[in-house]
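Here are my notes for your first look through this one. Keep the viewer open and click along as you read.

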Amino acid sequence: TAGHCVHDGMGNQIGWSENVVFIPAYKDGNEPYGRWIADNLYTRWYWFNNQDLRFDLGGVVLEPNGLGQSVQDVVGSLGFAYNIGSNQHWFNFGYPSDFPFDGKTMQVCAGSFARVAEDFLYPNPIGMGCDMTNGSSGGPWIINFSGLHGNTNFLNGNNSFRFTSDPEDKEEIFSPY
């Protein structure tokens, strides 16, 4: 997920998110696979102390559900791809909540590398074409998406930020590289 989903980035212990749950395939209030409660939250030091968008990455360790099952036991998991070139094609998932979306249904963008965010020092965040709005933060960018769970789908980014000063920028979303 995104670092800003788990911590406010102000360098304080009180900045951690609370009451974090993961609900796979949530749709219009339905929880077809149940819910998992967060046990521990993590983020990069650069996000924790400086809100550095180049490191807007977070992780969550989930407790077993009420039946003692891990989330992987029930819905599977993703592989992880890193330090690969940015010329990729991603499937990007999120629950955007600003107009025209309502945050109640998962949305998907399929898009390719658009550009690097040149306003940043290395490692520059990378952008893809996508019209998701606020609320989609932390949604995964998946390469080699097959629709099947397991190591055929590789997490390779997350919805971190978008530029909003220029109307054309609303067609791109960025992830830490």
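1. First, a term you'll need: two residues are in contact when they have heavy atoms within 4.5 Å of each other. Also keep in mind that this is a predicted model.

2. Start with Met 128. Which residues is Met 128 in contact with, leaving aside its neighbours within four places in sequence? The list is Trp 90, Asn 92, Cys 109, Ala 110, Gly 111, Ser 112, Ala 114, Trp 141, Glu 171, Glu 172 and Ile 173.

3. Met 128 also belongs to the largest nonpolar core, which has 10 residues in all. Another core, of 5 residues, lies apart from it, and includes Phe 120, Phe 161, Phe 163 and Phe 174.

4. Those four Phe residues turn up again with the rings: Phe 120, Phe 161, Phe 163 and Phe 174 form one aromatic cluster. The structure as a whole holds 12 aromatic pairs.

5. Now go to helix α2 (residues 45-50), where you'll find Phe 48. Is Phe 48 buried or exposed? Phe 48 counts as buried because its relative accessibility is 12%, and the cut-off for buried is under 20%. Beyond its neighbours within four places in sequence, Phe 48 is in contact with His 7, Gly 9, Met 10, Gly 11, Asn 12, Gln 13, Trp 16 and Thr 43.

6. Have a look at the second largest pocket, with about 310 Å³ of space. Its lining has 17 residues, and those nearest its centre are Met 132, Thr 133, Asn 134, Arg 162 and Thr 164. Sorted by class, the lining has 5 nonpolar, 8 polar and 4 charged residues.

7. Next, the backbone. A cis peptide bond joins Phe 99 and Pro 100, with omega about 10 degrees; Pro 100 is in the loop between β5 (89-94) and β6 (107-116). Another cis peptide bond joins Tyr 122 and Pro 123, with omega about 0 degrees, and Pro 123 sits in the loop between β6 and β7.

8. Phi of Gln 51 is near 50 degrees, and Gln 51 lies in the loop between α2 and β3 (58-62). Phi of Asn 83 is near 55 degrees, in the loop between β4 (78-80) and β5. Gln 51 is partly exposed at 39% relative accessible area, whereas Asn 83 is exposed at 66%.

Terms used:
Residues are numbered from 1 along each chain as its sequence is written. This is a predicted model: local features need pLDDT of at least 70, side-chain atom pairs count only at pLDDT 80 or more; totals for chains, interfaces and linings use all residues. Side-chain values use heavy atoms; hydrogens and water are left out. A nonpolar core is a set of buried Ala, Val, Leu, Ile, Met, Phe, Trp, Tyr and Cys residues joined through side-chain atoms within 4.5 Å. Buried means under 20% relative accessible area, exposed over 50%, partly exposed in between (1.4 Å probe, protein chains only). Helices (H or I, at least four residues) and strands (E, at least two) are DSSP runs, numbered from the N terminus. Rings of Phe, Tyr and Trp (its six-membered ring) pair if their centres lie within 6.5 Å; planes under 30 degrees apart count as stacked, over 60 as edge-to-face and the rest as tilted. On a 1 Å grid over the protein atoms alone, a cavity is a set of points where a 1.4 Å probe fits but cannot get out, and a pocket is an open set with protein on both sides within 12 Å along at least five of seven lines; lining residues have an atom within 4 Å of a point. Grid points are joined across faces, edges and corners, and a volume is the space filled by probe spheres set on the points. Ala, Val, Leu, Ile, Met, Phe, Trp, Tyr, Cys and Pro count as nonpolar, Asp, Glu, Lys and Arg as charged, and the others, Gly among them, as polar.
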